[in-house]
Amino acid sequence: MNESTGLTGMPKLVNLMGSEVNKMKWKILKVLRESGDYVSGQVLSKELGISRVSIWKHIRSLKEDDYVIETSARGYRLISSPDLLFPCEFPGWEQKIHHFWQTNSTMDVAKALAKKGAEGGTIVIAESQTHGRGRLGRGWFSPKGGIYLTLILKPEISPAYAPRINLMASIAVARAIRNLFGLKAELKWPNDVLIKGKKVCGILAEMEAETDVVNFVNVGIGINANTSVSQYEKRATSLKEELGKEVSRKEFLNSVLKEINRQQVLLTKGDLLEEWRDLSATLGRDVRIVAPGGEIIGQAIDIDTNGALILKADDGSLNTAIAGDCIHLS
Ligand code: BTN
């Protein structure tokens with residue numbers, strides 16, 4: 001079994017819908033957390049409908065995951081929790097999160113789930129990835145300490161609007177960084193999040209659609225949270241590097257998910273584009289867009305309703321870039 005067991009690889013679909021063992025661990029955590037005091041083995045056993053021996057085994061397993069749980073004659077008391085992205089750390093989302101210690105790529109898992117009919121709002125999270133995927137066929141270095149997730153969305157929008165979902169995700173991450181850490185996170189078209197010009201988060205979207213219906217859009221978000229910057233190329237940074245200390249990944253991801261909830265209702269509204277413009281580090285600059293079809297140079301003057309970048313060339317002519325790598329020249 002792969003889910004939250006520490007084994008690597010593409011999980012079999014049968015394992016994707018959640019491990020009962022882990023679900024029970026998370027239920028125990030919830031009870032302990034809500035109580036804030038000792039809870040006896042007997043009460044836990046009665047409340048969760050399993051034997052006291054099973055409760056003890058789950059507690060032992062939680063301790064192995066670095067949860068500090070005091071055991072006394074009065075029962076069990078939660079003292080502290082590690083910074084793991086277990087579903088129970090995300091109130092309101094618990095039922096929709098699939099957590100992996102390690103997987104190839106959350107994109108692959110999410111795709112399999114979406115094709116199997118997973119509902120919109122399902123999230124796949126991994127503590128690390130062995131084959132993290134980036135834009136334009138690149139890899140995404142995914143060691144422990146980062147945040148790697150793919151969100152399955154089933155929005156009722158036209159496929160032409162789908163790139164807005166990338167904008168939405170990048171806005172959510174930038175706003176969470178600003179709100180929680182006071183860092184001036186900005187957006188580089190199409191959907192990188194930068195701090196002081198260096199990339200802290202990348203977003204990758206994969207869509208399955210028919211002529212005018214979106215079946216699903218999977219949005220992959222990779223955030224350099226508590227990873228060392230020396231592991232990256234010089235144009236990248238991490239939250240830890242910028243703040244000089246580790247961040248609570250679970251607190252941060254909670255904040256990102258709240259922002260995504262807020263932004264989702266804006267998907268079909270102009271306000272989303274306005275928010276992107278406000279956070280943009282690209283607009284107003286001279287840029288070079290390198291796309292598979294060629295290269296465009298010009299001043300970035302705006303984005304259109306589908307998230308494409310509008311460039312003004314020296315001769316005043318306008319060009320639109322739908323995809324590609326954006327290099328800031330000024
Ligand atoms: C980019 O190239 O800027 C996009 C990087 C996207 C990385 C994330 S990490 C979670 C999800 N799983 C992947 O394999 N890729 C995305």
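This is a predicted model: local features need pLDDT of at least 70, side-chain atom pairs count only at pLDDT 80 or more; totals for chains, interfaces and linings use all residues.
Five strands make up an open sheet, arranged in the order S13-S12-S11-S10-S14 with antiparallel pairing. The edges of this sheet are strand S13 (318-321) and strand S14 (325-328), each of which pairs on one side only.

- From one strand to the next, the twist averages 45 degrees.
- Within the sheet, strand S10 (residues 286-291) pairs with strand S11 (residues 294-303) in the antiparallel sense, and six bridges join the two.
- Alanine 291 has glycine 294 of S11 standing opposite.
- In general, the strands of a sheet pair through backbone hydrogen bonds, in either a parallel or an antiparallel manner.

**The second largest pocket: lining residues**
- The lining of the second largest pocket is formed by 23 residues, and those that lie nearest the centre of the pocket are Pro163, Asn166, Asn191, Ile322 and Ala323.
- Sorted by class, the lining of this pocket comprises 16 nonpolar residues, together with five polar and two charged residues.

**The second largest pocket: contributing elements and domains**
- Helix H5 (163-181) and strand S8 (198-209) each provide at least two residues of the lining, and S8 accounts for the largest share, with five residues.
- At the level of domains, the lining of the second largest pocket takes at least three residues from each of domain 2 (87-279) and domain 3 (286-328).

Methods
Residues are numbered from 1 along each chain as its sequence is written. Side-chain values use heavy atoms; hydrogens and water are left out. Two strands pair if DSSP finds at least two bridges between them. Helices (H or I, at least four residues) and strands (E, at least two) are DSSP runs, numbered from the N terminus. Axes are lines fitted to C-alpha atoms, for helices over the stretch in contact, and angles run from 0 to 180 degrees between N-to-C directions. On a 1 Å grid over the protein atoms alone, a cavity is a set of points where a 1.4 Å probe fits but cannot get out, and a pocket is an open set with protein on both sides within 12 Å along at least five of seven lines; lining residues have an atom within 4 Å of a point. Ala, Val, Leu, Ile, Met, Phe, Trp, Tyr, Cys and Pro count as nonpolar, Asp, Glu, Lys and Arg as charged, and the others, Gly among them, as polar. Domain bounds come from an automatic or database domain assignment.
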